[in-house]
Amino acid sequence: MITGYRNNSRGVGVRSYQLILPSVVCSTHLARKVADQVGAISFAHQHGCGIIGPDVSGVNEFFVALAGHPNVQSTVVLGLGCETLQGNEVTDSITKDYPETEYVVIQESAGMAGALDSSIATAKSLQGDPERAPLNALVIGIEGSPNPELLQQITEDIQGAGHSVVLANRYKESSRNFGDLVRAKCHLILSFPDPLQPPSGYPLIPVITIANADSPLHLALVQEFDCHSNVNRKDLFQKILDVANGEPSKSEAKKIGDIVVPRMVRSV
Amino acid sequence: MNRDSQLTGFERTNGRWGFRNYILILPLHNALNQLVDEVRTSHPASPIITSVSHDWSGEVDTDWERIRRVFSGFAVNPNVGATIIVGIGTEDEESIVNAARSRRNMPINYLTLKDAGGFEKLQERIFQSVSEIFPSISQTVRTPAPWSALVLGLECGGSDAYSGITANPALGVASDKFVELGATSILAETMEILGAEHLLAARAKSPEIGQAIIDVVARYERSITYEGIDIRGAQPSRGNIEGGLTTLEEKSLGAAKKAGNAPFTGVLDYAHLPTEPGLYFMDTPGHDIEQLTGFAAADVNITVFTTGRGTPTGSAVIPTIKVATNTEMALSLPDLIDLNAGTIADGTETVAEVGDRIFKEIIEVANGKLSAAEVGGHREFNLSRLYGSTQ
């Protein structure tokens, strides 16, 4: 039995975060300041301007996926004003399905001090105590290179309990696979990092990390993982339930990991 | 004009000069962004610590040489007195650290998650490393610097119809003065000389340099065409068009004015170093932060950034001076702007007069005055990627 949060139009999530989404690199610094002051999530990125071709729609779609994630309660989009990917259009494409979304633009806010004040006021106006709600069908992402036997067992257990599994292993780097899992609206992620990659998390999604026994790096960092490589199916499934019910995973407690925005083509 | 240098700075062992003396903490994996940021903000030495965040997680692909060049060059920018490179503990990271050490003999500590055995322990080691370095950095004093100490980056972003007649030509006046006095000045943004390259090539010191300018633009246009995109359909950007610019060529003719009338001494690849004083062109994207990061990795120590629409961004290691192209924007976004060149269009100042103000402001900022972007704490960073395109 899992108790989550009713995140309005975004559905029921296992967390309830407000996202301060900079729609361009030029507003990332402001977004971080706003997020720190209102207790929200934000991230630094280098995109939104000087992008062409498939990246214009691709970056926009990724922003919509972040802003519409079930663990997100509301979103404030922060734009600069003159960028390629216009913040008001990003906002429109989010608002279509997720109405708890607002937009602030620096160039029309009398400078950074003004933009900071209006962003904070806007963010606070969207906040509120989220209602608790039962979550009967979790979507669980599994990332990286799990041992096949454990993968099969845990998949059986997850599906047997009425939940579903999404696999992501296009990349060696966990932080890039997480991008695929945010698009799939995973509530929670099991991460089996590559032997050369550290345990890592994701700001919007709790990530449970499982060490690889053949990795000297993982052995050196073993207390940073939620589970050892020899974890049994029962303990791992219990861990999923605990984290889904609110227990912070290790990477979540330490705020390890960042959001990577996928790109296809060079900047102009 | 008094030709004696009015600059003061920090002389580095490789002959470069810094106008700031930062302790830089440079994470080499996105899992380390947050803990590095926490050290920067919580350490007592915070005012002289700088750091960046980025989304690289160690992937080595067709962009690897570019990535290594940017990280290693950024680590040894002359405005940095000491650098702590923080990694996971991989051979690729070591290769970046070695490249940095080979460029400049300076304190470079390399701390890894693997050696530390955990995130908190790594954070403690970074904190301790800053504490150990801090006394020597804080005791270093400025000394008189020659004009050649200045490596000036020229940048524009959020351009409008005023850019080419106010701020850019005024910056060109300042750039010409510094070049004439023996400093280095770098124009960049290949997209933003597209259509004006023949005019710049005609100012090259040799036919070979002129041809190199033409070739860089042709190579750029091929690399974009390879992606199946006509650049003229994507540029000028929508912000530029709203600012009154009509075509890419118009934007380019205005953008090139930042480089004044001095002859071109050379053409540089992205993040490559100028070797002797003079005016250069560097092949960078027009993306403001990719350009700024490429400058930082190429020992640029002051940047002047002209803007029509108004933009807040800055570099973690380069003081960045914002010059407004129009008075309306300068007044409406006061905490983003250092100087207003809109007075030229207002008819209250000449291009030469504003050029002189920019010249003086560069000297003051070099000597320690904080730019608006520094006051605002701006440290935007961009790891430039080509994603396998032809260039």
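A salt bridge is a side-chain nitrogen of Lys or Arg within 4 Å of a carboxyl oxygen of Asp or Glu. The exercises below apply this rule and others to a predicted model.

**Exercise 1. Identify the salt bridge between the two domains of chain A, and place it in its interface.**

Step 1. Locate the domains. Domain 1 of chain A covers residues 3-131, and domain 2 of chain A covers residues 137-253. Their C-alpha centres are 27 Å apart.

Step 2. Describe the interface. In domain 1 of chain A, 17 residues are in contact with 19 residues of domain 2 of chain A. About 1,400 Å² is buried between domain 1 and domain 2 of chain A, with carbon and sulfur atoms giving 57% of this area. Of the area that domain 1 of chain A buries against domain 2, 37% is supplied by A:Val14, A:Arg15 and A:His69, more than by any other three residues.

Step 3. Apply the rule. Across this interface of domain 1 and domain 2 of chain A, 1 salt bridge is found. A:Arg15 forms a salt bridge with A:Glu252, and their closest N and O atoms are 2.6 Å apart. This distance of 2.6 Å can be checked against the limit of 4 Å.

Step 4. Between domain 1 and domain 2 of chain A, 11 residue pairs are in polar contact. On the side of domain 1 that touches domain 2, β2 (12-13), β3 (17-22) and α2 (54-67) of chain A each supply at least two residues. The largest share of that side, 3 residues, comes from α2(A). By class, the side of domain 1 of chain A that touches domain 2 has 11 nonpolar, 5 polar and 1 charged residues.

**Exercise 2. Describe the interface of chain B and chain A, and identify its salt bridge.**

Step 1. Consider the extent. The contact involves 61 residues of chain B and 51 residues of chain A. The size of an interface is often given as the accessible area lost when the parts come together. For chain B and chain A, the buried area is about 4,400 Å², and carbon and sulfur atoms give 57% of it. On the chain B side, B:Asp55, B:Phe119 and B:Tyr387 lose the most area to chain A, together 13% of what that side buries.

Step 2. Find the salt bridge. The rule gives 1 salt bridge across the interface of chain B and chain A. B:Glu120 pairs with A:Lys254 in this salt bridge, with the closest N and O atoms 2.9 Å apart.

Step 3. Complete the description. The interface of chain B and chain A also has 20 residue pairs in polar contact. Among the elements that give two or more residues to the chain B side are α1 (33-42), α5 (119-139) and α8 (207-226) of chain B. That side of chain B has 21 nonpolar, 27 polar and 13 charged residues.

Methods
Residues are numbered from 1 along each chain as its sequence is written. Chains are lettered from A and ligands numbered from 1 in the order in which they are written. This is a predicted model: local features need pLDDT of at least 70, side-chain atom pairs count only at pLDDT 80 or more; totals for chains, interfaces and linings use all residues. Side-chain values use heavy atoms; hydrogens and water are left out. Domain bounds come from an automatic or database domain assignment. Contact means heavy atoms within 4.5 Å. Buried area is the accessible area (1.4 Å probe) that two parts lose on being put together, summed over both. A polar contact is a pair of N or O atoms within 3.5 Å; within protein, one must be able to donate a hydrogen and the other to accept it, and residues adjacent in sequence count only if both atoms are side-chain atoms. Helices (H or I, at least four residues) and strands (E, at least two) are DSSP runs, numbered from the N terminus. Ala, Val, Leu, Ile, Met, Phe, Trp, Tyr, Cys and Pro count as nonpolar, Asp, Glu, Lys and Arg as charged, and the others, Gly among them, as polar.
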